[in-house]
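Please examine the sequence and the structure shown below.

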Amino acid sequence: MKLENYLIKALREEGFYNNYNDLFIPDRVEKEQVGKFEKNLQRLGLGHLFNEESVLVFGKSNKDIKIGESFNVLFSHNSIENYIKVKSILKYVNLSPGRKIDYLPRGYTGICLLEFIGGVPELIDKLKFYKEKRDKHKHDTLYLTQEPVINRILELRNEFEKNNKNQS
């Protein structure tokens, strides 16, 4: 079994996806499209949400995530142990242009406006832009979650590596 599958299965069985926020982030919105979303937010009366601490990404979650929910850990798929502590808030979700929604439904991918208190972390630069070809040396998938989840992921990863080492 691959580590990723092992982690997902264990976290699901232990109920982590029900109890903690998580956001799988594969891509970032293209620079050319950000202006369109900013105009759309203004049209909806939400223009104040977009600022220098904001970033537009494509996000998906294992549970419904309401606008206003927070995250305090960001990590990359290829470097879990190098996670960083952040203060991030889901400010806006777009599943269909021009329609206001107050949550990201479980299993759906939406455009998410995230605010990072203290500034957007450099790790965000690892995301590829939506239409850009993925380069495994340059790009990575990111995850936003909460501290108990990353702590459990690191424990599970150590268990997985120990069990695989003993089976060799």
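Which residues are linked with Arg152 in a network of salt bridges? The network consists of Glu14, Arg152, Glu155 and Glu159.

## Basis of the report

This is a predicted model, in which local features need pLDDT of at least 70 and side-chain atom pairs count only at pLDDT 80 or more, while totals for chains, interfaces and linings use all residues. Residues are numbered from 1 along each chain as its sequence is written, and side-chain values use heavy atoms, with hydrogens and water left out.

## Salt bridges

A salt bridge is counted when a side-chain nitrogen of Lys or Arg lies within 4 Å of a carboxyl oxygen of Asp or Glu. By this rule the structure has 12 salt bridges. One of them joins the side chains of Glu14 and Arg152, with an N to O distance of 2.8 Å. This pair links distant parts of the chain, 138 residues apart: Glu14 is in the loop between α1 (3-13) and α2 (16-19), and Arg152 is in helix α4 (residues 147-167). Helices (H or I, at least four residues) and strands (E, at least two) are DSSP runs, numbered from the N terminus. Accessibility is described with three words: buried means under 20% relative accessible area, exposed over 50%, and partly exposed in between, for a 1.4 Å probe and protein chains only. Glu14 is partly exposed at 37%, whereas Arg152 is buried at 16%.

Arg152 also forms a salt bridge with Glu155, where the closest N and O atoms are 2.9 Å apart. Because Glu155 and Arg152 are 3 residues apart in helix α4, about one helical turn separates them. Glu155 is partly exposed, with a relative accessibility of 43%. A further salt bridge connects the side chains of Lys85 and Glu147 at 3.1 Å, N to O. Lys85 belongs to strand β5 (residues 79-94) and Glu147 to helix α4, so this pair ties together parts 62 residues apart in sequence. Lys85 is exposed, with a relative accessible area of 57%, and Glu147 is partly exposed at 26%.

How many of the 7 residues of strand β2 are buried? In strand β2 (residues 54-60), 6 of the 7 residues are buried, so the strand is largely enclosed by the rest of the structure.

Two strands pair if DSSP finds at least two bridges between them. Strand β1 (residues 23-28) runs antiparallel to β2 and is joined to it by 3 bridges. Within β2, Lys60 is the residue opposite Phe24. β2 also pairs with strand β7 (residues 109-116), in the antiparallel sense and over 7 bridges. In β7, Ile111 is the bridge partner of Phe58.

## Aromatic pairs

A pair of aromatic rings is described by the distance of the centres and the angle of the planes. Rings of Phe, Tyr and Trp (its six-membered ring) pair if their centres lie within 6.5 Å; planes under 30 degrees apart count as stacked, over 60 as edge-to-face and the rest as tilted. The structure holds 5 aromatic pairs. In one of these, the rings of Tyr6 and Phe160 have centres 5.1 Å apart and planes at 45°, so the pair is tilted. Tyr6 lies in helix α1 and Phe160 in helix α4, so the pair ties together parts that are 154 residues apart in sequence. Phe160 is buried, at 12% relative accessibility.

Phe58 and Tyr130 form a stacked pair, at 4.6 Å centre to centre and 25° between the planes. Phe58 is in strand β2 and Tyr130 in the loop between β8 (128-129) and β9 (142-145), so parts 72 residues apart in sequence are tied together. Phe58 is buried at 14% relative accessibility, whereas Tyr130 is partly exposed at 43%.

## The largest pocket

On a 1 Å grid over the protein atoms alone, a pocket is an open set of points where a 1.4 Å probe fits, with protein on both sides within 12 Å along at least five of seven lines; lining residues have an atom within 4 Å of a point. The largest pocket holds about 580 Å³ of space. Its lining has 25 residues, and Glu4, Ile8, Tyr17, Phe24 and Tyr143 lie nearest the centre.

The elements that give two or more residues to this lining are α1, α2, β9 and α4. The largest share, 6 residues, comes from α1.

Definitions and conventions
Points joined across faces, edges and corners; volume = space filled by probe spheres on them.
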